[in-house]
Amino acid sequence: MNELAKNYSPAEVEDKWYAYWMEHNLFGSTPDQREPYTIVIPPPNVTGILHMGHMLNNTIQDILTRRARMEGKNALWVPGTDHASIATEAKVVAKLAKEGIKKTDLTREEFLKHAWAWKEKHGGIILEQLKKLGASCDWSRTAFTMDELRSKSVIRVFVDLYRKGLIYRGKRMVNWDPKACTALSDAEVIYREEHSKLYYLRYKIAGEDGYAIVATTRPETIMGDTAMCINPNDPKNQHLRGKRVIVPLVNREIPVIEDDYVDIEFGTGCLKVTPAHDMNDNMLGQKHNLDTIDIFNENGTISEAAGMYVGMDRFDVRRQIAADLQAAGLIEKIEEYENKVGYSERNPDTATEPRLSDQWFVKMSEIAKPAHAAVMDDDIRFIPEKFKNTYNHWMEGIKDWCISRQLWWGHRVPAYYLPDGSYVVAETPEEALEMAISRTGDSSLTIGALRQDEDCLDTWFSSWLWPITLFNGILDPDNEEFKYYYPTADLVTGPDIIFFWVARMIMAGYEFAGNMPFRNVYFTGIVRDNLGRKMSKQLGNSPDPLELIKQYGADGVRMGMMLSAPAGNDILFDDKLCEQGRNFCNKIWNAFRLIKGWEVSNTAVQPESAAKAIEWFEGKLGETVAEVNDLFSKFRISEALMAVYRLFWDEFSSWYLEMVKPAYGSPIDSATYAATLGYFDSLLRMLHPFMPFITEELWQHLAERHDGESIMYAPMPEAKCTDSTLLSAMERAKSVINGVRGVRASKNLSPRDALSLNVIGEWNPGLDCVISKLANLDAITSVTEKDPAAASFMVDTTEFNVPLRGAIDIEAELERLNKELAHYEGFLASVNKKLSNERFVNNAPAAVVELERRKQSDATDKIAAIKASIAGLAR
């Protein structure tokens, strides 16, 4: 190895070692006799670039993977990307629009050529960025949810579920995204509190002069009204029973129906029923055999069926119809109103629309049962455990999953329609043709006569198979890799996709592999800025991760992220944490340079202080290894990092190195030097999962290494039995050293001047050699009486004092003590004055009076001590 540079340069170190790891295939894994440790990346969207959430998630995954390698496990971290149907199609459509091309002007095949070209150009960006972070994925295994193996697996699963009767097609009310023109699952709708208006509309009672008043937040849907509903138990609306009313502006008569679903307390107790555009209205419509009028086109504009405002956007119609109703005298009043509005998870600026549509669904109730029990029985562990409640609530109320999307980019539904309108479900067109001929008996049928369903499958329908399909567990469940690597060990993800992905992967695991997909799920928090706001492009409060890495180094950023990342809790991120990480890198670097700069002597005798230091640090290291092991078992990864950080910074750098450091100009004995290098090696190994680059660089400089050797395969230090008595004694010794240093600071004494120390009371002298070296003492003496001219301090119940005669300027010290005496005498006089005031003593709260008495006692003791010191110095 070349000589170590004076200053740590992250960019040079990181590029060099990542290339080395890749060159020697150190991230690769194949099945062998070792215990497997498998972790699969939550596949980022091919539309994505690295953001702070990715940084946090992938740092944690890398820490777990690197630690597993060092524990002797066969660690495999599998990378990949998700095709992200809606998001990617939107990106491609937008790109084409800039080129003056409309999607509607292209055939499906032409559009998909553009989509694949976009994916090839942009799809791997985020994975390349992850390499800058130090991600130790087996890149040779990089998968894509629409590659050949994954695609075939998805289609086979669809066909399998269909043949089991668990997939069906039907016209159902779905959540519709008018921007993407596709259905969404319930989990893809994000509800937001919004300031809205409640319109009280007048529906004329047919054949009478009166009106029924209906309160609604959506006057634009009145063209789809096919009934008014009242609660039969509502006394105020009994006069409407059996009557008909006229829809305002539309002038269509509709019946008044009765159902106890209606909330008597909401509005006037009259409900407009629009079966095509409200989930609950749709249920009422089915129950009461109402007509259904779909007034919206798929893009959220008004359809011909409405008969009015045709072609206008739904929100423009809301404003216009309110004005027209007002002008016609058909609005009773308008109130301000707060309500929840659903928005598309994929297009956050788009309010969803309930819509009747032919879609494909998966029956979830039976599939969900083993997955539900696995988490609730802790076969699969959630960290933190609080997310079990969230999971339980969703699983108990699980609904059928709408899996079809009206898109071209994605896995196409493998349903093939025959000329007579019926359909068959098959893995290939050839198989579909065989089934069609068998069903119809018409051997003249050709593949060209069959029409494949236009819809694609929900992105999550491929992602839910991810841990299985990465090892070809659907197409070839008996293969060696699937048996070895599955189930995986840990999943690291955000709680925002607990339903989209985590729950569904667990269901798929039990349904298609007969086993859980992973044993532990570690939920990260949301990354927020130091004001508590979620980091986002819109707010402009999210730093560029690559710029952070350039400024602070990958290890510094990784440490900065982890210092603020307790499991499941939001992360308040601040650049200063990365600065702290960079400073720690510099501390490690400088400590190594200090040690390597010592001259080593094979003949020098090991000082007693160094022997004691080595014995103590051996115990401290073992204690911390045990603590870190325990914290990792509980997934308290941030706390584990802090434990290693404190061990290095506080115990090793601030104490151990000072204990063993040779005198200026003198060599260090070889035994102490070897022990120190050994401890540095252990510390680097403990730090490596968190800070891979600097630890590799310094580990390679610790000793001669063979080409291809790496710290990532060096064993993690083992926890050993520790001498708790020695550890406690050293803590007391450190307190004594700090006490002497405090005296030096308060008396302005040079650290170079040797002092003596008196001990009054019980004291074990076993570590006096360490105290003498670090506190620069020429003697430690047990005495029975205190030197009145000495500065005192306490450690536990033992008093220590540092004789000052001859060490300080007597006149200057007397002047200082007399000033201090005058201050305390003045303070005592004011306290005495208060306590001599009977009115104060009798009327003030007892706690306040007691506080003043404590002040009086403390001041009296302090004055006595100062007078004793003055008397001692004046002798």
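Select Tyr522 to begin; in this predicted model Tyr522 is buried, with a relative accessible area of 1%. Next select Phe635, which is also buried, at a relative accessible area of 6%.

Show both rings together. Tyr522 and Phe635 form a tilted aromatic pair, 6.0 Å from centre to centre with 45° between the planes. Colour by secondary structure to see what the pair joins: Tyr522 sits in strand 23 (residues 518-523), and Phe635 in the loop between helix 19 (608-633) and helix 20 (637-660). The two residues are 113 residues apart, so the pair links distant parts of the chain.

Move on to helix 20 and select Phe648 and Phe652, which lie four residues apart, about one turn of the helix. Their ring centres are 5.5 Å apart and their planes at 45°, so this pair is tilted. Both Phe648 and Phe652 are buried.

Which cluster do ring pairs build here? Select Phe584, Phe592, Trp616, Phe617, Tyr645, Phe648, Trp649, Phe652, Tyr656, Tyr679 and Phe680: ring pairs link these residues into a cluster. The structure holds 47 aromatic pairs.

Now zoom out to the whole protein. There are 27 helices and 31 strands, and 53% of the 875 residues count as buried. The C-alpha atoms fill a box of roughly 120 × 85 × 50 Å along the principal axes. The radius of gyration is 38 Å, whereas a compact globule of 875 residues would have one near 29 Å.

Finish with the charged side chains: the mean positions of the 100 positive and 126 negative charges are 3 Å apart.

Conventions:
Residues are numbered from 1 along each chain as its sequence is written. This is a predicted model: local features need pLDDT of at least 70, side-chain atom pairs count only at pLDDT 80 or more; totals for chains, interfaces and linings use all residues. Side-chain values use heavy atoms; hydrogens and water are left out. The radius of gyration is taken over C-alpha atoms; the globule rule is 2.2 Å times the number of residues to the power 0.38. Buried means under 20% relative accessible area, exposed over 50%, partly exposed in between (1.4 Å probe, protein chains only). Lys and Arg count as positive and Asp and Glu as negative; His and the chain ends are not counted. The place of a charge is taken as NZ of Lys, CZ of Arg, CG of Asp or CD of Glu. Rings of Phe, Tyr and Trp (its six-membered ring) pair if their centres lie within 6.5 Å; planes under 30 degrees apart count as stacked, over 60 as edge-to-face and the rest as tilted.
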